[in-house]
Every structure is written in structure tokens, then in C-alpha cells.
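Dear colleague,

Please find below the structure that I am handing over to you. My notes on it follow directly after.

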Amino acid sequence: MIARRTFIQGASALAATASGLWLRESRAEGAPNSSGTEQAKLKAPPGACDCHHHIYDPARFPPSRASAQQVPNARVEDYRLLQRRLGITRDIVVTPTPYPAPVSDNQVTLDAIKQLGPNARGVVIVYPEITDAELKAYDAAGVRGIRFSLTSGRPGAASTATPEVIEAMAKRVNGLGWHVQFNTTAEQIVAAEDLLKRLVSPIVFDHMGHLPQPEGTNHPGYKIIRALIDKGRTWVKLSVTYDSSKDG
């Protein structure tokens, strides 16, 4: 027969061992496309939001531009691992470049919003032919903005996203309370200064406006962005901080 004290000591040791194993396994849980496995040293505040991420799910949603760069292991279930590791509870899903409009190509984003739940919102790629009814359906699904990628070779490049198209779409989505988001070089921001000042909708710049280094705040594009922010209807995403030259 095992003495009561011996049993309690053994059970306590077993519980401590199990707890230690669980903690090590929990701390060692990695996430695809993210180096390391430790929990973030800087704890995210309540309601922290990932302002910009993509979902790639080619098995369920084959991209219309299969030749465009894609990120493997970037499905909703993969992203949830990253959320858990970073302690983020809110997120903005942005339609990536392999999925430009036609309208049906935003389904990968709409599906992600639905899976991620009420704390998720979306930004989609559209063309001028989209109907008001389709925009309202997107709104009901959690979409809150449209994106123009004006850098070379991207959907919505300058050949199709003319100033007239951008201004007209900004008026349409402004009625829904949406914003217009730009993925554009700092030089293009300078060239589009007059257009940006005219837009009636809120404006969001991807990836810190792609301000080049080492110019940074000395680049003319910074002064334009700062002036738009001061007007109270412009935001800049702190995203792709690891490489200001990328345009994803």
C-alpha cells in the first residue's frame, strides 16, 4: 500500500511534470510563415488588430492569376496559429494579388471573414463594372474598403486605375462608409497629390506609404501623407515594416 504522503508527493510531481510539458508545448507552438516559436515578448493590448494580412487557399479557391506570387500555408487555420501566438483578436483580411476582380475572385477573402468571425473585416479588389447591389453584398459580408495596387504589374495598375476611375469609385464606396486603400510607391503618391486631396472618401496607405530609405520622412511623399493625416481622414498602415521596398 502506498502511504498517503507518498501518494500526494507523487501526484504533485506528476501534475507539475504534466504542467511543464503543456507549457513547453504551448510555448513551442509555431505558426507558418513566422520564424520562432516563443510567445511575443511584448504583450498585445486588448483588442489589438492585425491591420493587413492575406489568405491564400488555392485548393478551395483557385486564383485567376496562378502565375502571381503566392504564399504557401496561409489558409485561415494557419493564420489562427499566428493570431494565437501574437495575442491578436481583430484582423483585416486583404484580397491578395493572385485574386484580382472579377467580383468572384474576392471569395477567398469573404470566406476568411466568415471563418474568422465578427472581429474580422475585409478590403477587396474591384473594377468599375461592379454593381451597387454587389457592393452592398460585400458590405453585409464585412468588407470595409477597396484597394488599388498601382505598383508595376499589380492588379488595378495605372493603365486601368485612372484618376477618373479612382475618384468615381471613392464616391461610390464613401456612401457605404468605406475607405479607399492604396498600395503605391512614394513617387506615385507625389504624382497623385492633387487626386488624393480631392477624394471624398477616407484614405488608407498600405505599408507606410512605401517611403524609401534612407530618405524616409525627408521624402516629398511623407509631407503629402502627413498633410492628409492632419485633415483627419487618412490613415497609414504599420505593415511590412521589415522591408519598405515590398509591395505585397
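What covers the buried residues of H3? The cover includes strand E1 (49-53), H2, E2, strand E3 (120-124), helix H4 (132-140) and strand E4 (143-149). Helices (H or I, at least four residues) and strands (E, at least two) are DSSP runs, numbered from the N terminus.

Before the details, a word on the source. This is a predicted model, in which local features need pLDDT of at least 70 and side-chain atom pairs count only at pLDDT 80 or more, while totals for chains, interfaces and linings use all residues. Residues are numbered from 1 along each chain as its sequence is written, and side-chain values use heavy atoms, with hydrogens and water left out.

The protein has eight helices and seven strands. Of its 248 residues, 40% count as buried, where buried means under 20% relative accessible area, exposed over 50% and partly exposed in between (1.4 Å probe, protein chains only). Among contacts in the protein with a separation of 6 or more, 71% are accounted for by residues 24 or more positions apart; contact means heavy atoms within 4.5 Å.

Helix H3 (residues 107-116) deserves a description of its own. Seven of its ten residues are buried, so H3 is largely enclosed by the rest of the structure. The buried residues are Val108, Thr109, Leu110, Asp111, Ala112, Ile113 and Leu116. After H3 comes glycine 117, with a positive phi near 95°.

Asparagine 106 lies in the loop between strand E2 (90-94) and H3. Asparagine 106 is buried, its relative accessible area being 0%. Apart from neighbours within four places in sequence, asparagine 106 is in contact with Thr95, Tyr99, Val124, Ile125, Val126 and Tyr138.

The pairing of H3 with helix H2 (residues 76-86) is as follows: their axes come within 11 Å and cross at roughly 50°. Axes are lines fitted to C-alpha atoms, for helices over the stretch in contact, and angles run from 0 to 180 degrees between N-to-C directions. H2 and H3 are therefore oblique to each other (angles under 35 degrees count as roughly parallel, over 145 as roughly antiparallel, 65 to 115 as roughly perpendicular and the rest as oblique). On the H2 side, the contact is made by Val76, Tyr79, Arg80 and Gln83, and on the H3 side by Ala112, Gln115 and Leu116.

With kind regards
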